[in-house]
Amino acid sequence: MMKTFYKLLVVVFILSACEPSANNQQEKYNEQYRSKVHFSSETGWANDPNGMVYYDGEYHLFFQHNPDTTIWGPMHWGHAVSKDLIHWEQLPIALYPDSLGWIFSGSAVIDWENTSGLGENGVPPMVAIFTYHNRELENTGTDKFQYQGIAYSLDKGCSWTKYENNPVLPNPGIRDFRDPKVMWHPESEKWIMTLAVLDHINFYSSPNLIDWTLESEFGTGIGAHGGVWECPDLFPLQIEGTDEIKWVLLVSINPGGPNGGSATQYFVGEFDGHVFEPHGEKTKWLDYGKDNYAGVTWSDIPDEDGRRILIGWMNNWQYANKIPTSVWRGAFTLPRTLELTEIYHDYLLVSHPVKELNKIKLDTKEIPTSKIEEEMEINLKPEYPMEIDLSFNTGNNTAINFGERFGIQFANDKNELVKIGYDNLNKLFFIDRSNCGWDSPNQEFAGIHYAPYVVSSPSLDIKLIIDESSVELFAVDGLVVMTEQFFSNEKFTMISLFSEKGEVELLKGNISKLSSIW
Ligand code: FRU
């Protein structure tokens with residue numbers, strides 16, 4: 001009898017260890033600016049996505065989290081899971097700071113072959129590889145305060161045990177030594193760790209996730225170096241329409257982004273298990289908006305699915321600690337599929353919102369096709385969140401006098417507005433949030449932010465995902481991406497199409513309401 005009681009207790013404990021809080025979800029996520037289709041922590045501070053791994057029907061999303069306040073501080077790994085990459089359930093904190101330090105960014109893998117020996121009874125361990133940041137050591141003036149540790153879970157990420165001989169990769173005397181992203185490299189039958197080290201990358205290999213050997217360094221003299229390199233990711237990707245595989249290296253950089261502050265650059269090249277060799281020297285950006293940082297991709301997505309899926313932190317260190325949200329601070333981008341395309345002998349990343357987003361499209365209304373001169377209000381009451389698809393005529397054979405800038409505008413009665421569109425004079429996509437309501441104390445938030453692209457096709461297609469306080473722009477079928485937040489004092493109630501100093505023709509337009517994920 002007693003035995004059964006204890007067994008039951010264990011079962012109840014295991015179940016409740018991973019249960020989301022029972023509060024009414026609707027009530028919780030109704031604050032001003034709260035994202036309705038993007039994950040954000042119920043309360044507290046959140047930055048980088050961490051440890052994304054798929055296991056047994058669940059996409060895990062861990063994240064940098066300070067549970068006690070809405071500003072950055074002692075870092076934990078918060079935890080959420082989703083069965084469809086759209087609806088998220090926040091679970092109890094996965095990793096707490098300990099005597100070795102705060103838990104900074106990192107990754108997670110399923111150690112299917114139990115190379116680490118941390119698995120039990122045929123259950124492969126879910127292994128998290130992260131940076132310990134030791135504040136006390138930092139305060140002593142040494143450079144050796146960041147090093148890599150591991151922890152493992154045998155119950156689908158519910159409870160975690162820190163490895164007893166941490167750190168697994170001690171600090172060699174380098175200040176910035178962090179954000180390990182680990183993957184299995186089948187050709188060399190080794191784990192590869194991609195680590196951000198000052199303003200370059202170190203690659204390490206390991207047979208067991210515990211013993212690591214330095215393989216090579218990458219990054220000196222190539223790419224953007226306006227700030228420290230952080231949160232890298234390395235993965236293979238097939239070039240669309242071919243059987244050819246290239247390796248993509250993502251590297252976030254702060255500051256030094258194309259529109260100021262934080263952003264993510266990428267390199268495309270070859271990787272042989274030891275060395276990464278880039279093709280070309282040009283700096284490429286994953287997203288030109290100011291609010292997509294530290295994005296990395298999911299590990300262990302099943303082969304049948306085969307997608308490479310990224311999620312980023314929808315924020316920028318320039319003002320991340322100041323944005324005017326309430327009990328929470330820091331949302332994430334939509335999960336996006338990454339594809340690789342070859343254009344004029346260059347390899348470029350293409351991003352799309354994951355197809356699962358279509359599941360929450362409620363109804364689609366057409367915007368009548370029209371010629372737009374100056375401004376044309378769309379006669380639809382905007383309902384947030386929403387997806388908007390627009391196709392503009394850019395054909396050279398039309399006799400139209402193209403506007404210098406054209407696009408779509410969201411505004412309220414307080415004269416606050418956000419404009420999104422194409423600057424035809426300078427050949428740039430833009431998001432203009434210079435008058436959107438809120439600006440950061442140092443004025444890095446307001447402004448017009450640009451993404452270069454010369455449109456040469458007869459039409460220009462734009463997809464927008466608009467949430468309560470963010471816009472994601474996917475143009476030219478995902479080749480140009482911009483993610484930005486906005487914080488208007490009142491909701492934008494008017495949507496209009498505009499064309500400045502000339503006209504533009506709308507060939508097709510749709511607005512779909514999206515249902516809240518909470
Ligand atoms: C990137 C970053 C990482 C670090 C983490 C700390 O945003 O600075 O390099 O691990 O945030 O929260």
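Modeller: Gladly; we will go through ring pairs, then charges over rings, then a sheet. This is a predicted model, in which local features need pLDDT of at least 70 and side-chain atom pairs count only at pLDDT 80 or more, while totals for chains, interfaces and linings use all residues. Residues are numbered from 1 along each chain as its sequence is written, and side-chain values use heavy atoms, with hydrogens and water left out.

Colleague: How many aromatic pairs does a search of the whole structure find?

Modeller: A pair of aromatic rings is described by the distance of the centres and the angle of the planes. Rings of Phe, Tyr and Trp (its six-membered ring) pair if their centres lie within 6.5 Å; planes under 30 degrees apart count as stacked, over 60 as edge-to-face and the rest as tilted. Searching the whole structure gives 36 aromatic pairs. Take Tyr33 and Phe487: their ring centres are 5.0 Å apart and their planes stand at 80°, so this pair is edge-to-face.

Colleague: Where in the chain do Tyr33 and Phe487 lie?

Modeller: They link distant parts of the chain, 454 residues apart. Tyr33 is in the loop between helix H2 (25-28) and strand S1 (44-55), and Phe487 is in the loop between strand S32 (480-485) and strand S33 (494-514). Helices (H or I, at least four residues) and strands (E, at least two) are DSSP runs, numbered from the N terminus.

Colleague: Are Tyr33 and Phe487 buried or exposed?

Modeller: Both Tyr33 and Phe487 are buried, where buried means under 20% relative accessible area, exposed over 50% and partly exposed in between (1.4 Å probe, protein chains only).

Colleague: Which residues form one aromatic cluster?

Modeller: Tyr29, Phe39, Tyr54, Tyr59, Phe63, Trp88, Trp298, Phe332 and Trp518 do.

Colleague: What sits over the ring of Phe430?

Modeller: A charge sits over a ring if NZ of Lys or CZ of Arg is within 6 Å of the ring centre and within 35 degrees of the ring normal. Here the charged end of Arg405 lies over the Phe430 ring, 4.3 Å from its centre. Likewise, the charged end of Arg433 sits over the ring of Phe445, 3.6 Å from its centre.

Colleague: In what order do the four strands form an open sheet?

Modeller: Strands of a sheet pair through backbone hydrogen bonds, either parallel or antiparallel. The order here is S9-S10-S11-S12, with antiparallel pairing; two strands pair if DSSP finds at least two bridges between them. Strand S9 (177-185) and S12 stand at the edges with a single partner strand each, so one side of each has no neighbour in the sheet. S12 pairs with strand S11 (residues 200-206) over five bridges, and Ser205 stands opposite Thr213 in S12.
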